[in-house]
Every structure is written in C-alpha cells, then in structure tokens.
Amino acid sequence: MKKLRLERHGITQYDEIFYNLSYEELLKHETDPATSANERGTITSSGAVAIDTGKYTGRSPKDKYIVSEETSRDKIWWGVGAVVPITNNSDNQQISEETWYYLKDLSLNRLNGKKLYVTDAFCGANADSRIRVRLVTEIAWKAHFFKNMFIRPTEEELEAFVPDWTILDACKVTCPHPHRHNLRTEVFIAFNMMERMTLIGGTWYGGEIKKGVFSVMNYFLPLKGIGSFHCSANMGKKGDTAIFFGLSGTGKTTLSADPKRLLIGDDEHGWDHDGVFNLEGGCYAKCIDLSAEKEPDIFRAIRQDTLLENVVFDSKGVVDYASDKKTENTRASYPIYHIDNIVRPVSRGGHANKIIFLTCDAYGVLPPVSKLSSDQAMYHFLSGYTAKVAGTELGVTEPKATFSTCFGQAFLLLHPTRYAKILGELMDKHGAHAYLVNTGWVRGKYGVGQRMDLPSTRKIIDAVLDGSLEKAEFETLPIFNLQIPKAVAGVDSAILNPRNVWKDKSEYDKACYNLAEMFIAHFNNFTDTEKGRHLVDAGPQLSAEIRD
C-alpha cells in the first residue's frame with residue numbers, strides 16, 4: 001500500500017486496506033454476516049443489494065461548510081453567516097481553519113487503525129478537465145456507491161493514479177459540541193479548497209459523496225471557463241446534443257430518456273471547447289413508485305451491481321417500490337452501462353444546439369412551451385423555477401413556488417451569474433436555441449385545471465429537437481414576454497396560450513401578476529453583479545397599469 005501514500009491524507013495506521021475492489025469482492029464484504037446491521041446489505045430478488053442509510057435518508061444541505069481560506073475566500077458565493085454575505089440565497093456557510101482542523105482530527109481519529117476501503121475514480125469524461133477523486137471509508141457499500149457513480153479507471157490508469165481530491169467519509173463520527181464550532185448540528189460536510197479535501201461526519205447518506213464531488217467541479221470548472229451544470233443530456237442519431245434542466249417532479253429523467261436518442265448522462269454535465277460531457281459514470285435514480293411500465297429503463301437497470309437505498313422488501317427480497325415507510329427518497333445507484341440506450345464508449349457529445357428548461361408550474365400561468373432569447377435563457381436558468389403542491393394530507397392544496405438557482409442552488413460554490421454567463425456565451429458561440437417547457441397545469445391552477453399530459457409534452461420536446469418548432473409562428477405572452485408558438489404538431493393549439501383556456505381571464509391575469517412578482521423578488525438576489533442587473537429586463541415586467 002506504499003504507492004497509495006495514505007499518510008498524505010492523515011491515515012498513518014490501519015488494520016487492513018481494501019483498494020478498488022471489484023463488484024464481486026464488494027458484494028462479499030457488504031453482505032458479510034459479521035458486519036453490523038448499518039453496514040450490512042441484503043441481496044434482493046433482482047440481484048441488487050439493499051442497504052439503509054439510517055437517520056439521514058437525504059442530503060443535509062444546511063450542514064455543508066466551506067473553509068474560509070486565502071485561496072478561495074474571495075471566490076466563494078457566501079450566504080448568511082458569512083462575514084460579508086453576498087446574498088441570502090446561498091447555502092455556502094463559512095467555517096474557520098481552526099474548526100476545519102478540529103473536524104479533520106475527529107475524522108482521522110475515527111478512521112485511523114480501522115479496516116478501510118480506498119477507491120479511486122475520475123469525475124469528468126474528458127481527460128483534460130476531469131479530476132481524480134479518492135474515497136476513504138470504513139463502509140464497504142460506500143465504496144460500492146462511489147464505484148457506481150464515478151468513472152472507473154482502467155488498471156493501467158490506477159497504476160499512475162494520484163488523487164486531485166480526497167474524501168474522508170467518517171460517517172460513524174459526529175461533532176460532539178457543534179455550537180462551540182459554529183456548526184448547526186453534529187453533522188458536517190466540510191470542504192477545504194486549498195487542501196482539496198472533503199470531510200463527511202454524522203450522516204450515512206450516499207448522496208453526500210455524489211453531490212459533494214459535483215460541488216467541487218462547480219468550483220474548478222467555471223474558473224477555467226468551462227460550464228458545469230446540473231442537467232441531463234442526450235444525443236440524436238445525427239450527433240445533435242440537447243441538455244435538459246429541471247427540478248424534481250418536472251420530468252427531467254423521463255423526458256431525457258428518449259428511445260429515439262442516446263443518453264449521455266442523467267444528472268451532471270460539463271460543457272467545454274469540445275462539447276458536452278458527463279461528469280459521472282453512473283446514475284442515481286429515484287425509485288419511489290417505480291414500475292416496469294412507467295420507467296422501463298430504470299427498472300431494468302436495477303440488477304446485480306446496483307445499490308438500493310432505503311427501500312422496503314419482503315422476506316424473499318422482493319422490493320415494494322410503492323412503499324415510503326422509510327422515506328419517499330428511495331434511490332438506486334448503478335453504473336451507466338446498465339442503461340442500454342447510451343452514448344458509447346465515452347459519455348460525451350458535441351456542442352448542445354437545444355437547451356430545455358423544464359418547469360412544473362402548478363399555478364397554470366406559464367405556456368406549455370415558449371422560445372427564449374439568450375438573455376431570457378440566462379434569466380430562467382438563474383431563476384430555476386418550479387411550483388410544487390403541498391401535501392394533501394395536511395389539507396393544503398395551494399401551489400408553492402420553488403426557486404433553485406441554476407437548477408442546483410445547493411451545489412453552487414461560485415456566484416450564480418458566473419454559471420449563467422458561461423451558459424450564455426456557449427449558447428451564442430454554438431448557436432444553441434433555448435426553450436421553457438411547462439409540464440405543469442393548464443386551463444387553471446392546481447385543483448381547477450389539468451396537468452399537461454405526457455404524450456403532448458413529448459410531442460413538444462420532439463418539435464424542439466427536430467427543429468420544426470423554429471418554423472412556427474409565434475405570439476408574445478404579456479408580462480413574461482415569452483414567445484409562444486401558435487401551433488405544434490399533435491398538440492391542441494388552444495392550450496399553447498394559457499390565458500385563452502382559463503374560464504376567468506381576470507383570474508389568470510391576477511395569477512400571472514403574482515407569479516411575476518415572485519420571479520422579480522427572487523431575481524433581486526443577483527442584482528449585486530453587473531451581469532445580474534443586465535438580465536433584469538429579460539424577466540417579467542410589471543407596471544401599475546397592468547395591475548389595475
């Protein structure tokens with residue numbers, strides 16, 4: 001193990017090291033009856049291994065911290081709690097170098113002297129911009145998760161592997177006195193950009209590893225002028241590339257998994273001088289209510305080498321995907337080659353010529369599809385809008401607007417306008433067209449109208465991707481100033497302008513005004529930069545006359 005030079009990470013003693021185990025070896029370790037219940041997995045009827053992540057069945061974004069140090073201090077988009085917060089919209093919280101070393105000592109004291117799993121992988125399909133990442137953990141299934149999610153090096157590449165970034169996953173340790181160290185809870189996910197290291201403590205949730213590495217890429221790639229985006233991507237038979245942005249519930253996974261096109265990746269991508277490339281080597285799919293009929297690709301992907309998180313299964317290992325007994329955030333991680341219809345051998349495509357922003361507007365205000373200018377694309381990218389419906393079990397049925405900046409607010413380490421500027425420049429350079437697609441409600445808000453049917457949305461996506469929508473005649477939606485096509489093949493033309501199909505036009509106008517106010521209020525977070533101030537005019541415009 002001398003070649004691993006683990007002492008560079010602070011690992012000076014260990015009981016045993018298991019380095020880059022094969023899937024077969026990992027299976028033996030993670031199902032070993034001698035391991036504790038939290039560490040032990042169960043083989044399900046599909047061949048996938050099911051594990052539980054304990055108390056935390058999702059990410060803890062409010063427990064993410066970044067060290068305030070000289071190389072990155074002036075670059076980070078600091079939020080509330082910073083000495084000089086840029087906005088109150090950022091999730092990036094400062095910790096001192098003193099706190100970092102305290103947390104690092106806690107983590108190393110936990111890991112040193114133990115049986116450890118060390119796994120190396122790449123993040124980024126392009127060799128000239130990828131980073132080499134190392135995970136050190138006590139837990140075999142964490143190594144399995146990491147192996148699934150990132151790009152697996154060849155034996156030759158492992159021989160010369162020196163990590164650019166290291167993750168010390170000490171999930172069994174917690175911070176005993178968090179408030180003394182300005183932490184919110186005993187859980188910590190801490191980043192040190194100068195040391196190039198992440199510490200994870202107090203949470204077993206696998207997604208902290210995945211999204212932590214994505215956050216790191218969101219720091220380094222844009223500083224090189226490379227786009228780093230929370231999106232899916234696919235490629236047509238002629239090599240045309242499209243990227244899809246959208247928050248949970250908007251249909252991003254479903255709509256980008258197109259049988260007529262090849263999947264590049266489902267969640268995280270870079271865009272450089274060569275084109276769009278996957279940052280990952282696997283998929284991390286939600287599987288609540290999963291079925292072979294609704295999501296056949298994902299359903300078939302759950303087989304041997306897949307890791308299932310927090311699912312319910314019976315004594316025969318048959319998974320009940322409808323059960324939310326443990327959490328609604330049940331997940332499956334699997335290597336990308338478990339999906340048949342993918343770009344091979346490397347997950348990358350050319351420059352994107354179509355950009356699709358998906359929103360589920362439960363207010364019923366936005367059109368099913370609208371064409372965006374470059375500035376409007378940056379505006380809606382920064383807005384990251386969707387609207388969710390509150391849980392009916394509480395008797396609340398009113399929609400609630402959600403704005404997640406750049407469709408991935410929790411993972412942005414730099415100011416959001418930096419990502420928007422790169423996106424706009426890439427669009428202009430490569431002639432990409434952008435569209436806003438509403439998969440939410442038409443003919444009224446939630447509870448009054450109906451949700452857009454999936455076949456109609458697919459026809460809209462087809463018209464975007466095959467270029468036929470570019471030839472349509474357009475009209476302008478007031479206030480939002482969106483360009484709406486008057487016709488789309490196979491779609492009821494009446495619904496394309498949402499105001500036309502509301503029974504009470506004055507109620508639509510009121511709802512449109514109210515939604516515009518929400519957009520404007522959120523966008524005020526970005527007017528601290530020249531780019532943000534420039535883009536204000538690309539958003540909805542209000543006046544007293546309109547309100548009256």
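A pocket is here an open set of grid points with protein on both sides within 12 Å along at least five of seven lines. I worked throughout on a predicted model.

Entry 1: I looked up the second largest pocket and noted a volume of about 390 Å³. I then listed its lining, which comprises 20 residues; those closest to the pocket's centre are Ala125, Ile151, Pro345, Val346 and Ser347. Sorting the lining of this pocket by class, I recorded ten nonpolar, six charged and four polar residues.

Entry 2: I next turned to an open sheet of three strands, ordered 11-15-16 with antiparallel pairing. Strand 11 (227-230) and strand 16 (276-278) are at the edges; each has a single partner strand, so one side of each lacks a neighbour in the sheet. I noted an average twist of 30° from one strand to the next. For strand 15 (residues 268-271), I found three bridges in its antiparallel pairing with strand 16. Within that region I located His269 opposite Asn278 of strand 16.

**Entry 3: Ile484.** I placed Ile484 in strand 30, which spans residues 482-485.

Definitions and conventions. Residues numbered from 1 in each chain as written. Predicted model: local features only at pLDDT ≥ 70, side-chain atom pairs only at ≥ 80, totals over all residues. Heavy atoms only, no water. Helix = DSSP H or I, 4+ residues; strand = E, 2+ residues; numbered from the N terminus. Pairing = 2+ DSSP bridges. Axes fitted to C-alpha atoms, helices over the stretch in contact; angles between N-to-C directions. 1 Å grid on protein atoms, 1.4 Å probe; cavity = no way out; pocket = protein on both sides within 12 Å on 5 of 7 lines; lining within 4 Å. Points joined across faces, edges and corners; volume = space filled by probe spheres on them. Nonpolar A, V, L, I, M, F, W, Y, C, P; charged D, E, K, R; others polar.
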